[in-house]
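I opened my notebook for this one and went looking through the structure a piece at a time. Here is what I looked up, in the order I got to it.

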Amino acid sequence: MIDNNKIVEILRGIQDPNSGNDLISMRLIDKLKVRDNSVSFSVNTSGMADAVKFQLHEAIAHKIQEEYPNANVDIHFTTEAGKVKPLAQVKNIIAVASGKGGVGKSTVSTNLALGLKALGAKVGLMDADLYGPSIPTMLGIKDQKPKIEQLYGKHRIRPIEKFGIYTISIGNIVEPEQAVVLRGPRLGGIIKQFVNDVTWPELDYLIIDLPPGTGDIQLTLVQTVPITAAVMVTTPQDVAVADAIKAMNMFRLENINVPIIGIVENMSWFIPDDMPEKKYKIFGEGGGKALAKESKSVLLAQLPLVTDIRKAGDQGIPIVLNDDHLAQSYYIQMAQKTAQQLAVRNEMLAPTQIVGVNVQAKG
Ligand SMILES: Nc1ncnc2c1ncn2[C@@H]1O[C@H](COP(=O)(O)OP(=O)(O)O)[C@@H](O)[C@H]1O
Ligand SMILES: [Mg+2]
């Protein structure tokens, strides 16, 4: 007698040639039927070369035969291209965006990723800022290189694991001087590799740290992966808000349609190291609220400007990991609220669709 659960367990042990994840978590198996000594199911082999399909068939049949030597195994290959979703192993893909550089996107992305991890989730962090990658510095992995693996004859990039989250950045692959000369089509190609050639594990959240504004990278992303939601980062002053609205409008274009789930207002007030009870609103106020209203979303957090937040980023140990620092709770609350808003989004709205190729960037 063949055990249904045993078959699932076996298929969990076999890698999908496209993603490097297992066949079950990639949802490639369908119509699994077990009866007495027979088992049958279909495998979605869309995008696989014939030689790869052959190897995959061998691998599956071999593993089942190992466990059930006398089984009748009927494996049916299907190619329903539309049914294979890039990053199917990732439940939520969150883009962190802003109008301007230097507002704290990377700091927010990193602390958000680690905050969600602290809440018990499985988290990845993709550094999509190919011109100015700062995740390697913020996670203290500047000298690390991702491992390259062979999978069914193709090269795969294994994300770097640090503080329990998985990450990939151009800063871990090329030297900083090389990154600045990358241009349009090359950038898009790298982003596609970050999606398709990296063996991301099963994740609850993949945070994408975007470059500022709206450009080739943002466009490639919305055409390559179904982004569940976007979080906008802004500082409190009016000019930052005007830029953020432009960036936000790209996500809101009719055929892109990525919901904005909330606003993070960064550097809302300055807290001096020697007078922690003081609050100086050096960049004005109201920007986050205005943007939340404009986007019909919510303010996820107002974060203080504190020297230690900057230091923690530079030292590669983000502040959210510091149990002795007051700032930790700001980021944990931000992560909690982001998870809540995302749950609401998933309850109320349909999953995001990847957009067609003829979208023009605005702003
Ligand atoms: N709340 C904050 N308090 C202190 N420094 C901050 C804060 N947020 C960001 N920074 C610092 O400001 C600089 C720019 O932040 P960064 O996250 O790299 O911005 P972006 O990714 O938007 O360009 C970094 O040196 C970072 O450490
Ligand atoms: Mg950045």
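These entries go from the domains to a helix, some loops, the salt bridges and a surface patch.

**Entry 1: the domains**

I noted at the start that this is a predicted model. I then looked up the domain assignment, which gives domain 1 as 4–82 and domain 2 as 90–348. Taken over C-alpha atoms, the centres of domain 1 and domain 2 are 36 Å apart. I found that 13 residues from domain 1 and nine residues from domain 2 take part in the contact. Between them, domain 1 and domain 2 bury about 860 Å², and carbon and sulfur atoms account for 44% of that area.

How many salt bridges run between domain 1 and domain 2? I get a count of one. I also looked at the salt bridge between arginine 12 and glutamate 202, where the closest N and O atoms are 3.8 Å apart.

**Entry 2: helix H7**

Next I checked helix H7, residues 216–224. Seven of its nine residues are buried, so H7 is largely enclosed by the rest of the structure. I wrote down the buried ones: Ile217, Gln218, Leu219, Thr220, Leu221, Val222 and Thr224. What do these buried residues pack against? My list has helix H6 (184–196), strand E10 (203–209) and helix H8 (238–252).

**Entry 3: methionine 334**

I moved on to methionine 334, which sits in helix H11. Is methionine 334 buried or exposed? Its relative accessibility is 1%, so I put it down as buried. Leaving out residues up to four places away in sequence, methionine 334 touches Val108, Asn111, Leu112, Val264, Leu300, Ala301 and Leu303.

As a reminder to myself, most residues other than glycine have a negative phi. Then I looked at two residues that go the other way.

Aspartate 36 is not a glycine, yet has a positive phi of about 45°. I placed aspartate 36 in the loop between strand E1 (29–35) and strand E2 (38–44).

Tyrosine 152 also has a positive phi of about 45° without being a glycine. I found tyrosine 152 in the loop between strand E6 (147–151) and strand E7 (154–158). With a relative accessible area of 18%, tyrosine 152 is buried, because the cut-off for buried is under 20%.

**Entry 4: salt bridges**

How many salt bridges does a search of the whole structure find? I have 12 in my notes, and I followed up several of them.

Arginine 158 and glutamate 149 meet through their side chains in a salt bridge of 2.6 Å, N to O. Arginine 158 is partly exposed at 42% relative accessibility, and glutamate 149 is partly exposed at 23%.

Aspartate 197 and arginine 156 form a salt bridge of 3.8 Å, N to O. This pair links distant parts of the chain, with aspartate 197 in the loop between H6 and E10 and arginine 156 in strand E7, 41 residues apart. I noted that arginine 156 is buried, at a relative accessible area of 1%.

Glutamate 294 and arginine 252 make a salt bridge of 3.0 Å, N to O. Here too the pair links distant parts of the chain: glutamate 294 is in helix H9 (residues 287–294) and arginine 252 is in helix H8, 42 residues apart. Glutamate 294 is partly exposed, with a relative accessible area of 34%, and arginine 252 is partly exposed at 33%.

I also came across a network: salt bridges with shared partners join Lys6, Glu9 and Glu67.

**Entry 5: a nonpolar patch**

My last stop was the surface. Which residues make the nonpolar patch of about 310 Å²? I listed Val344, Met348 and Leu349. Leucine 349 is in the segment after helix H11 (327–348). With a relative accessible area of 43%, leucine 349 is partly exposed.

Methods
Residues are numbered from 1 along each chain as its sequence is written. Chains are lettered from A and ligands numbered from 1 in the order in which they are written. This is a predicted model: local features need pLDDT of at least 70, side-chain atom pairs count only at pLDDT 80 or more; totals for chains, interfaces and linings use all residues. Side-chain values use heavy atoms; hydrogens and water are left out. Patches are made of residues with over 30% relative accessible area and no salt bridge: like charges are joined within 9 Å, nonpolar side chains (Val, Leu, Ile, Met, Phe, Trp, Tyr) within 5 Å. Accessible areas come from the Shrake-Rupley method with a 1.4 Å probe; for residues, only the protein chains shown count as cover. A salt bridge is a side-chain nitrogen of Lys or Arg within 4 Å of a carboxyl oxygen of Asp or Glu. Helices (H or I, at least four residues) and strands (E, at least two) are DSSP runs, numbered from the N terminus. Buried means under 20% relative accessible area, exposed over 50%, partly exposed in between (1.4 Å probe, protein chains only). Domain bounds come from an automatic or database domain assignment. Contact means heavy atoms within 4.5 Å. Buried area is the accessible area (1.4 Å probe) that two parts lose on being put together, summed over both.
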